[in-house]
Structures are given as C-alpha cells and as structure tokens.
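Welcome! Take a moment to turn the model around on your screen, and then let us look at a few of its residues together.

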Amino acid sequence: MFSLQQLVRAAAATSNGGSDLSRLLRHMSGATTTLCTPTATKHSSQTKLGDNGSHGSPSHTDGRSHSESESDLESARGVNISAQQFARRILQQRSQDIQRHIHTHTQADKGPTRAKSSQQQQQQQTATKFAMSSLAAEPLQSQKQDEISASTGTGVESHKTASCHDVGSASASAGKKPCFSTGLGEILQFMELIGNLKHTKRTGWVLRDVNDCESISGHMYRMSMLTFLLDGSEGLNQIRCMELALVHDLAESLVGDITPFCGVSKDEKRAMEFKAMEDICKLIEPRGKRIMELFEEYEHGQTAESKFVKDLDRLDMVMQAFEYEKRDNCLLKHQEFFDSTEGKFNHPFVKKLVNEIYEQRDVLAKAKGATPPPAIEVPNMERPSKLANGHDSSS
C-alpha cells in the first residue's frame, strides 16, 4: 500500500494539482486488486496476532489507530464488503486528506506569490513609464538628486518614474531648464520642416532636367550611412560625423537648396541659412542648441569630423551623378559635377572611393564611345546679390 507521504509527493509533483491528483488516484485505484488483497490479509493476520499480544500495533499509513483499522475490517466483513470496495474507501479518505494538505500549502504560498507578482508588475510599469518619458526628460545631475528629493518629499525612485512635466518642475526648482521651453505645436512644426526635406528635390538635378531626382533628405541619409564605414582607426568620432551629416542641410527646409546658379552670393546664402537654423532650433529649445552647434561646426569646417563629412557631401554628389548617367544612358553628361569637386577631396579613404568611381566611369564611357559635353561655366558668387528662384543639390 502507498504511504500518505508518497501520495503527497506524487500529487505535489503534478502541475495542475486537483485534476492531475484525481487522475493519479484513479490510476492507483485500478491497482487495488494487487494492493489491497495482501493488505486485507495483513490486517487479518494482525488481528490474530493482536489477540495473542505477541506483536505491537504496526503504523498505519492512513493515520488511524490499529483498533480503528480492526473495527473497519470487522465492519467490512459484517456487511460483506469486498476487499476492493474497502480499498477504495481507504483511498478516497486519503485523497481527501491529500487535497486538504495541498489546499493548506497552496493558500499559504499564494500570499507571497501574489505580492511578488504585484511587485514585478509595478516595476514593469515603472520601467515602461520611464522609457516613454525619458525622450523628453531633462537629465538631472546626480549631485542635485538629494536636493530635489528633499524639496519634493519623495525618494530617488520618484525621479525614475517622474513624467516629463514632473522632471521639468523639479529641474526648474533646482535651477535647470524644463523639458522643453516650447509647446507641442512647435515640436510638430519642427517635424513638418524636416518633412519638407523628404519632398524637396536637389536643385542641381532639377536644373539639368534629371527625371525622378533625389531629395535633400535622401542625400543626407546616404551621407549618414557612409559614416558606418569608419572603424575607429581613422581617429574620427563616428557618432559626431553621423550627426553632422544629418544636420548640415537642415536649413534648406526653409530656404531651399541654393546653388551658384540661383543668383545668391555666398555671404547672403550663409546669412539666410544661419537665420533659418536659428528659427528651426527655437522650435525645440533647449534641444535645438546642440543642433545649432553641429551646424556651425560643419560650416566652419575646422574639425577633422567636419572636413570628413564635407568630403562625404562631395562624394555622394559625384556618385549620384554617375548613377544618373548609367540609369539614363547618358555617360559623361554630368561632367560639371565632377569638375566642381576636382582636387577638393582630402580624406585618403574618400579619395580611393572617388578614384574607383572615375575608373568605372571611364571604362563604361569608352565602351559606349561617349564624349563629355562642353564645359559649363559656374557663376562667381563671391559678390553680394539677391536671391533668384531655383534650388540645387550639387554644391
């Protein structure tokens, strides 16, 4: 006969508790013929031995005394209950004991489990809330956290879960700027200006009647992707190069793509673009300050990163010219874009890429018997002049 401890361990090992326990006990009841026949014999022999007093009472797995077992056995004999029926009754009582045992332990375990589950859910919600608000949250200096905690009456945990407005209020009380000094309308306007770059064609190709030509944002995107060619051995900051590439033509969302053929002097073009950048950056203050710093770095062209990105600007232009020549079957037609960048590349790796473009272009031109068109004179825009209609993407 299985002991109560064996049945408890078997039931506890199941995953579903009650349902699996029932199946286990039903499975065990099928073996009652094997289990109960010797048990009944054992009970009978124990009764006889008990009468002689030669043996002590054996321990019973059902938790009842020896006399109770004898009484059950005698009553079973009196009502002519078979051994199988008697075993089923014992098994049923054990099943109830096991279920009560499991229920007691389950109730005892539910409290900590529910508390733990609630705590994990709260931590997940906290992390999610912080992740959503961290985009606009002004970073707080670690040395200011204790001061802000004291002023707000909350612990460090409140800073992790604070929304943008909460952090903004705390920052203001600590002498810092809020998340954004502008409203949501200005942020949407900033997004709309960036969207203009997706649809504004580069003027150089428009003036040369290139069909389905690239947009300004397409030009900046490939420049940004080219920064992934850096592996750190060049001594350049890859992330900063990527940022410069994304920002360098941002002013064109307002003033358009101005080329020397637009009748605008370099000084006037520069002043228009700086004014446009100031207006754009004001829409997302104080974040706009960083964008303005990147734009100024690119325009001044003094850092190694800004010089490299300028090389990428020219590289993308000659590569695009070559692509249009191949696509439209007009090799050497866009020679003016190659002439305007001749001798202006500085970075060794970019120079190798440009030389490869030249070699492939020459091979195709010879195979096609193509000849370059007459040279196009580029206007000198060093003198002041007024803005004319037209936009470009080649300079």
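Is M317 buried or exposed? With a relative accessible area of 2%, M317 is buried, where buried means under 20% relative accessible area, exposed over 50%, and partly exposed in between (1.4 Å probe, protein chains only). M317 sits in helix 16 (residues 304-327); helices are DSSP runs of H or I with at least four residues, numbered from the N terminus.

A word on the model: it is predicted, so local features need pLDDT of at least 70 and side-chain atom pairs count only at pLDDT 80 or more, while totals for chains, interfaces and linings use all residues. Residues are numbered from 1 along each chain as its sequence is written, and side-chain values use heavy atoms, leaving out hydrogens and water.

| Residue | Relative accessibility | Class |
|---|---|---|
| C213 | 7% | buried |
| C330 | 16% | buried |
| V378 | 43% | partly exposed |

What about disulfides? The count is 0 disulfides, taking a disulfide as a pair of cysteine sulfur atoms within 2.5 Å.

V378 belongs to the segment after helix 18 (348-368).

Finally, which residues line the second largest cavity? They are K333, Q335, E336, D339, P373, P374, A375 and I376. A cavity is a set of points on a 1 Å grid over the protein atoms alone where a 1.4 Å probe fits but cannot get out, and lining residues have an atom within 4 Å of a point.

Technical notes. Helices (H or I, at least four residues) and strands (E, at least two) are DSSP runs, numbered from the N terminus. On a 1 Å grid over the protein atoms alone, a cavity is a set of points where a 1.4 Å probe fits but cannot get out, and a pocket is an open set with protein on both sides within 12 Å along at least five of seven lines; lining residues have an atom within 4 Å of a point.
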